[in-house]
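Keep the viewer open as you read.

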Amino acid sequence: MPRMPKVILLIESSRASGRALLRGIADYSRHHGPWSFSWAPAGLEKVQPLLETGDADGIILRDIEQAEEIAAYGLPTVVVGHRNTEIPGMVNLVTDSKAIGELGAEHLIGCGFKHFAYCGYERTALGNTTWSDIRREFFCRRIRAAGFDNPPQHALSMQGKDWSREWRSLANWLKSLPKPVGVMACNDDCGQRIMEVCKLSGLTVPDEVGVLGVDNDEVVCGLTDPPMSSIAIHFERAGYDAAHALNGLMRKSRNVPSRIIATVVQATARRSTDFVATEDTHLSKALQFIRAESRRRCISVSEVADVAGLSRRMLESRFRKLLGRSVLDEIRRLRIDQIAQLLVESDLPVAQIAELLGFADRGHIARYFRAGKGISPLAYRKTYGSEQEKGGRSENGDFFPQSGVVSVLQQS
C-alpha cells in the first residue's frame, strides 16, 4: 500500500476562522486522502521532532514568527496570512481585503449613514498589518466615490499592552466623530474593542455609532451588546483550497498557484448597524418596515409608501436622492442577502427557503436570486457554503485550483 501522507497543521482553533480552515482541510483529506495529521495549535514544540527527523510530508501554518525557520526544513508549505506580508517561495493564503473594504462601505452606506470612519491596526516591527491598510484604503475609496467626505481613521496596537491608556485615545476619537457615524473595524477583535469603548463612554450603538466588524466570528459578535454586524469570509473553502494546493506541492505538480484567495461571502447584519441614520422620518419608517418585513415575505412598494405616509412617487424621489436607489432595489437587496445567508449558514433545501421567505416556489426564488447575484442558489451554496466544490487534477496530472487568483491581498 502507498504511504499515507503526514501533514503538520500549525493552526489555532480558538477562533471561528481557524476552526473553519481546519474543517476545510479535513474535508479535503476525506475526499482526496486520507492524510495523517499532526495538529499543534499552541506552538511548534509538539511537531519539532517531525521536522527534525523528516517524518512529515507537508505543512499548513499561520504566518507565525517561526515561519521562516520552518521554511528552512524544505517541506512543501502553505502559509495562512495573518499579520505579515506574503512569504516568498511558499504558497500564501490571503483574504480579498479590497472586496472586504468595499463591501464594508456599501453596507454602512446602505444603512443610511452620512458620516463614516475606519479603525484598524498600526504597523509595528513585529506585525505588518498590510491587510488592515488595504481594507482601509478601499473602504475610504468607496465612501469618497459615493460623494461623502474622506473617513477619519484611527489605529490600535495589535499587542494591546496598555489597553487602560489606549482605550481613552479610542474613546476621544469616537467622541470627536460627527454623529451618527458608521465605523468599519478591520476585524471582529477591533470591532469588539470599539463596542466596549462605546459602552464605557456613554455612546449608544447603533443610534450614535454603528459598528461593522470582519470575520463574522459568531462568538465574538454575540458577546458584544448589541450583537455586532460583520463581514463573513469563506474560511472553510479557503482551508479546502489550501489543502488542495499542498497536495499539489507534495506531488510535485508544475502548476500550483503561489497565492490562494479566501473570498468574501456577505455582510451579516446584526443590531450594531440596525439603524436608519437619516433625519427624514418618512424615509426612516420606510426603511425600518422594509428591513422588518422583506426578510419574511414579499412586500410591495405601495405597502412601503403607505407605512411611510407618502405617495409612491414622493417616496421613490426621496429614496433616489438620499440612498441612490429605488424602493424596489432596496427590497430586492435585502431579500437576496437573506437568501444568501440561509444558503451559506444552513442546510435547508432551496424549496424550504422559498417557503420561509414567502416565495411561490423553488423556481421563483431561483430566478429572483439569479437576477441579483448572477448565479443560481445551488451554485452559490456550492461556491460559498460548507459543501465544497471538489478540486482535482487535469488529464495530464497537473494541479488545478478551485478558485480564481485575484490579487495580492492580506488576511486578518
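First, the ground rules. This is a predicted model, so to speak of local features we need pLDDT of at least 70, while side-chain atom pairs count only at pLDDT 80 or more, and totals for chains, interfaces and linings use all residues. Residues are numbered from 1 along each chain as its sequence is written, and side-chain values use heavy atoms, with hydrogens and water left out.

The protein chain has 16 helices and 14 strands; these are DSSP runs numbered from the N terminus, with helices being H or I of at least four residues and strands E of at least two. Of its 412 residues, 53% count as buried, where buried means under 20% relative accessible area, exposed over 50%, and partly exposed in between (1.4 Å probe, protein chains only). Take the contacts (heavy atoms within 4.5 Å) with a separation of 6 or more: 71% of them are between residues 24 or more positions apart.

Now for the second largest pocket. Its volume is about 920 Å³, taken as the space filled by probe spheres set on grid points that are joined across faces, edges and corners. A pocket here is an open set of points on a 1 Å grid over the protein atoms alone, where a 1.4 Å probe fits, with protein on both sides within 12 Å along at least five of seven lines; lining residues have an atom within 4 Å of a point. Which residues lie nearest the centre of the second largest pocket? They are Leu103, Glu106, His107, Arg333 and Asp337, out of 42 lining residues. The elements giving two or more residues to this lining are α4 (97-110), β12 (264-268), α13 (327-345) and α15 (362-373). By type, the lining splits into 18 nonpolar, 9 polar and 15 charged residues. Asp, Glu, Lys and Arg count as charged; Ala, Val, Leu, Ile, Met, Phe, Trp, Tyr, Cys and Pro as nonpolar; and the others, Gly among them, as polar.

Next, helix α11 (residues 301-308), where Val301, Val304, Ala305 and Ala308 are buried. They line one face of the helix, because they fall within an arc of 100 degrees seen down the axis of α11. That arc is taken from the directions from the helix axis to the C-beta atoms. An α-helix has 3.6 residues a turn, so residues three or four places apart point the same way. The buried residues of α11 pack against α10 (281-293), α12 (312-322) and α13. Just after α11, glycine 309 has a positive phi of about 75 degrees.

In helix α16 (residues 377-384), the buried residues are Pro377, Tyr380 and Arg381. They sit on the same side of α16, because they cover an arc of only 100 degrees around the axis. Their cover includes β12, α13, α14 (350-356) and α15.

Last, the backbone. Most residues other than glycine have a negative phi, and most peptide bonds are trans. The bond from lysine 179 to proline 180 is cis, with omega near -10 degrees, and proline 180 is in the loop between α6 (163-176) and β8 (181-185). Another cis bond joins valine 205 and proline 206, with omega about 5 degrees.
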